Amino acid sequence: MPESRAVERSIEPGNSAVCPVCGETVKFKARTQGRQVIANIYVNDVWDRVEHYHVECYSQADQPFGEPQ
């Protein structure tokens, strides 16, 4: 059965996702090479959505979808 999970990845140019914790855009910055956590969310064993978090925000939220891989 599929379950919600999270992975840590670099932030790619053109990303315009909004972090559900702080409400700020998870955006690419060439000089800092930022990282993000991407979570695939399943509800009742069916894929529902993807959420993008700043690494710090995901940690502050107590890693709601497990430790990022």
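Predicted model: local features only at pLDDT ≥ 70, side-chain atom pairs only at ≥ 80, totals over all residues.

Which residues make up the largest nonpolar core?

Modeller: Happy to. Residues are numbered from 1 along each chain as its sequence is written, and side-chain values use heavy atoms, with hydrogens and water left out.

The largest nonpolar core has ten residues: Ala6, Ile11, Cys19, Val26, Val37, Ala39, Ile41, Tyr53, Cys57 and Tyr58. By nonpolar core I mean a set of buried Ala, Val, Leu, Ile, Met, Phe, Trp, Tyr and Cys residues joined through side-chain atoms within 4.5 Å. Buried is under 20% relative accessible area, exposed is over 50% and partly exposed lies in between, using a 1.4 Å probe and protein chains only. Strand 4 and helix 1 each supply at least two residues of this core, and strand 4 gives the most, with three. Helices (H or I, at least four residues) and strands (E, at least two) are DSSP runs, numbered from the N terminus.

Leaving aside its neighbours within four places in sequence, Ile41 is in contact (heavy atoms within 4.5 Å) with Ser4, Val46, Trp47, Asp48, Arg49, Glu51 and Phe65.

Three strands form an open sheet in the order 1-4-5, with antiparallel pairing; two strands pair if DSSP finds at least two bridges between them. Strand 1 (5-10) and strand 5 are the edge strands, each pairing on one side only. Neighbouring strands of this sheet are turned by 25° against each other on average, direction ignored; the axes are lines fitted to C-alpha atoms, for helices over the stretch in contact, and angles run from 0 to 180 degrees between N-to-C directions. Eight bridges join strand 4 to strand 5 (residues 46-54), and Tyr42 stands opposite Trp47 in strand 5. These two strands form a hairpin with two residues between them, and Asn44 in the turn has a positive phi of about 55°.

Most residues other than glycine have a negative phi. Two further positive values are therefore worth a look: Gln33 has a phi near 45° and is exposed, at 64% relative accessible area. Gln33 lies in the loop between strand 3 (25-26) and strand 4 (35-43). Asp62, with a phi of about 60°, is in the segment after helix 1 (55-60) and is also exposed, at 66%.

Now back to the core and its cysteines. A search of the whole structure finds zero disulfides, a disulfide being a pair of cysteine sulfur atoms within 2.5 Å. Cys22 is in none; its nearest cysteine sulfur, that of Cys57, is 3.8 Å away. Cys22 is partly exposed, at 37%, whereas Cys57 is buried, at 9%. The sulfur of Cys57 is 3.8 Å from the closest cysteine sulfur, in Cys19, which is too far for a bond.

Stepping back to the whole chain, one helix and five strands follow the pattern β-β-β-β-β-α along the sequence. Of its 69 residues, 26% count as buried. Among contacts between residues at least 6 apart in sequence, 57% join residues at least 24 apart.
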